[in-house]
Amino acid sequence: MDLISEELTTEQIYRLMTGLIVPRPIAWVTTLSPAGKVNLAPFSAFTFLSTQPPMIGISIAQRQGGPKDTARNIDANGEFVVNIPTEDLAGFVHGSSRELPGDISETELLGIGVAPSRAVSVPRLAIVPAAMECRLERTIEFGDLRALLVVGRILRFHVRDDLLGDGKIPTDRLRPLARIAGPRYAKIGEILEMMPLHEGSRICEGAK
């Protein structure tokens, strides 16, 4: 099947992209409203952009009437926390995706505890195994629908003690939750481990 993007509707393109670009990591973002309420929302257009300095990017679509609460809060105070949800938190993650008025705290509504951050005023979630305190680096607008790429610099990492060994975080121990198409989520299944390749090394037999 050959589909021409210019002939597709926005909804058709969205369904294709979210069905093909899978699985996606989830940035479970906490921000503070102007009234001091903790806003919580998941975003699956999320990746790292730089390691020196450490920077991440989150694409936040605009809704009718303007930016979402997360984007508005980040723009107002320049701070946010990216919490990493695990597979056992899928119900909470999905529950926090509902659009609510800005004066309602998703953490309070869902009964999710928070913990103080060290470098930013925005709290992190107490139930996640890892979180990243971020300061807004820049916001870049893309496309006709004015999606916002929020670029944040990581100021502090929080990692549960038993996860970190030799500076590495084993994915099978973290058990992160992933997003796929529709209101569906996925667990990390079987992990395929290969021999590390170094410059000048021979191509392994299985890659020929």
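**Note on the predicted model**

1. The largest nonpolar core has 21 residues, and Phe 46, Ile 58, Phe 80 and Val 82 have the most contacts inside it. A nonpolar core here is a set of buried Ala, Val, Leu, Ile, Met, Phe, Trp, Tyr and Cys residues joined through side-chain atoms within 4.5 Å; buried means under 20% relative accessible area, exposed over 50%, and partly exposed in between (1.4 Å probe, protein chains only). Apart from this core lies another, of 15 residues, among them Trp 28, Leu 89, Leu 125 and Leu 177.

2. This is a predicted model, in which local features need pLDDT of at least 70, side-chain atom pairs count only at pLDDT 80 or more, and totals for chains, interfaces and linings use all residues. Residues are numbered from 1 along each chain as its sequence is written, and side-chain values use heavy atoms, with hydrogens and water left out.

3. Arg 24 is buried yet has no salt bridge (a side-chain nitrogen of Lys or Arg within 4 Å of a carboxyl oxygen of Asp or Glu). The nearest side chain of opposite charge, Glu 11, is 12 Å away; Lys and Arg count as positive and Asp and Glu as negative, while His and the chain ends are not counted. A polar atom of the Arg 24 side chain lies 3.0 Å from the backbone oxygen of Ile 21.

4. Cis peptide bonds join Val 22 to Pro 23, with omega about -15°, and Gln 52 to Pro 53, with omega about 0°.

5. Arg 146 is not a glycine but has a positive phi of about 60°; this residue is partly exposed, at 47% relative accessible area. Asp 166, also not a glycine, has a positive phi of about 60° and counts as exposed at 73% relative accessibility.

Key. Polar contact = N/O pair within 3.5 Å; in protein donor to acceptor, adjacent residues only side chain to side chain.
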